Number of protein chains: 2
Amino acid sequence: LDHPRITIIGAGNLATRLAVALYEHGFCISRIYSRTADSAKTLAAMVDTDYTTEIPHIGTDSDIYIFSVKDDALPGILKQLPPLKGLLVHTGGSIPMDIFAPYSDSYGVFYPLQTFSKTRKIDFAETPVCIEASGEKELKQLAALAESISRHVLPVNSDRRKYIHLAAVFTCNFVNRMYDIGAEILQQQQLPFDLLQPLIDETAAKIHSLSPFEAQTGPAVRYDRSVTEKQSALLNDESLKTIYELMSKNIHQRHLSNR
Amino acid sequence: LDHPRITIIGAGNLATRLAVALYEHGFCISRIYSRTADSAKTLAAMVDTDYTTEIPHIGTDSDIYIFSVKDDALPGILKQLPPLKGLLVHTGGSIPMDIFAPYSDSYGVFYPLQTFSKTRKIDFAETPVCIEASGEKELKQLAALAESISRHVLPVNSDRRKYIHLAAVFTCNFVNRMYDIGAEILQQQQLPFDLLQPLIDETAAKIHSLSPFEAQTGPAVRYDRSVTEKQSALLNDESLKTIYELMSKNIHQRHLSNR
């Protein structure tokens, strides 16, 4: 299986970046499935293959089937699968591996710990990939696949993987929403978002040399109530005001109990 | 005033990094004040000057006095000031400039938009500095000071400055707490924080080319409820659970109303 044939089920951000990375590393992508014809077609063109919008038509001649769809959608897709001989793999942080058990003996998980956007290329070599498999043979097969694109491949079971995914939601998705809130606040003042870029870059850079606990700064950790009260009053949006107050209180208490 | 003499009131993170940057750019630091003798002494040694822990002893022969203390502490310090002829400046994002009005005719604000830690050097050249002053002469003096260490100096009035500070709290202080929460979650699973570093770096890097709104990923924006419900259930800490649910709902609604 030096160059396994791979079918990609899904054409979202992760599916797109993974399919392109595999394609660029010499793998043959047999087919792309997406329920949305446009997405399927676009990704298929990027990796020089066919596409389908019907699960029963995904073909049965691949060595590996990578499922990269919304967690909610996976069970329904599995029920429509034709009988497959290859390795079934999903890319979800929070889906147990044994979701495949009723459908195959040969399955696993390939979870890249990264944020993917369709239009932005990722350095897969530096992206940690958490793998898990139903048996020794499958684990070797998955490790070979993962190591062909990443320098950081680690076996992680389903229970620990879901905590890694949870940590990723806080440190990526919630962080990005914080950036977005900053952008909204500046936009209302007709100020450019660029103004925040050096601060955002330094905030991410400094935790390479300090722990996030040591790196914490700002009015909440100083318990500078004259600032936190004034800032909360500036927020008209109730949801943002609640987030502001909750985060300030949480930071204050985290540093009270540890200092 | 080619080389103004500068007194620094405060020895916290910002005071330390600013005093060192000014010293390294050839400015003479006349004296350091901190109510904590150890902090005053340490910073004074770094910038080759004397220190005091008594406001009445800060001296009266400087051209510029930079107040970099907790917002809460500033009013009490101003009340103890000896009569000063120089320019009075504070570094606070949320303190109005006219807090100085009862004490001087010559004052302003020097607000660097950055996160400072005592032990980590900052590239001041890339740090935006927001300035404001009581008159034309003072604004020129402050601009000269700011431009001697930063390439991004912009005049900002007190009203807009407090919104910039608010945006900074979301995009730096709250972001850093999100990193810290991720670190706590991984630590409980005996997993190294390093695992999150490529994700954190990419999350900050991608908003150089996409807006934070476009860059948003994760279960909340996909409204993948099977993930968000499972993840919320993993959190035992009530404060973190509330933050998780609030952020997920906020992200979902932000993208509902804009798509």
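User: Why is α9(B) called roughly antiparallel to α10(B)?

Analyst: In this predicted model, helix α9 (residues 225-234) of chain B and helix α10 (residues 238-256) of chain B pack at about 165 degrees, their axes 9 Å apart. Angles over 145 degrees count as roughly antiparallel, under 35 as roughly parallel, 65 to 115 as roughly perpendicular and the rest as oblique, so α9(B) is roughly antiparallel to α10(B). Axes here are lines fitted to C-alpha atoms over the stretch in contact, and angles run from 0 to 180 degrees between N-to-C directions. The crossing is right-handed.

User: What makes the contact of α9(B) with α10(B), by class?

Analyst: On the α9(B) side you've got Val227(B), Thr228(B), Gln231(B), Ser232(B) and Ala233(B), and they meet Lys241(B), Tyr244(B), Glu245(B) and Ser248(B) of α10(B). Contact means heavy atoms within 4.5 Å. By class that gives three nonpolar, four polar and two charged residues. Ala, Val, Leu, Ile, Met, Phe, Trp, Tyr, Cys and Pro count as nonpolar, Asp, Glu, Lys and Arg as charged, the others as polar.

User: And α5(A) with α9(B): why is that pair called roughly perpendicular?

Analyst: Their axes come within 10 Å and cross at roughly 100 degrees, and that makes α5(A) roughly perpendicular to α9(B). Lys162(A), Tyr163(A), His165(A), Leu166(A) and Val169(A) of α5(A) touch Val227(B), Gln231(B) and Leu234(B) of α9(B). Five of these residues are nonpolar, two polar and one charged.

User: How do you know that α6(A) is mostly covered?

Analyst: Seven of the 10 residues in helix α6 (residues 197-206) of chain A are buried. Buried means under 20% relative accessible area, with a 1.4 Å probe and protein chains only. The buried ones are Gln197(A), Leu199(A), Ile200(A), Glu202(A), Thr203(A), Ala204(A) and Lys206(A). They pack against α5 and α7 of chain A, plus α5 and α6 of chain B.

User: What should I know about the numbering and the cut-offs?

Analyst: Residues are numbered from 1 along each chain as its sequence is written, and chains are lettered from A in the order in which they are written. Local features need pLDDT of at least 70, and side-chain atom pairs count only at 80 or more, while totals for chains, interfaces and linings use all residues.

How values were computed. Heavy atoms only, no water. Helix = DSSP H or I, 4+ residues; strand = E, 2+ residues; numbered from the N terminus. Left-handed = near helix turned anticlockwise from the far one by under 90°. Buried < 20%, exposed > 50% of the residue type's maximum accessible area, 1.4 Å probe, protein only.
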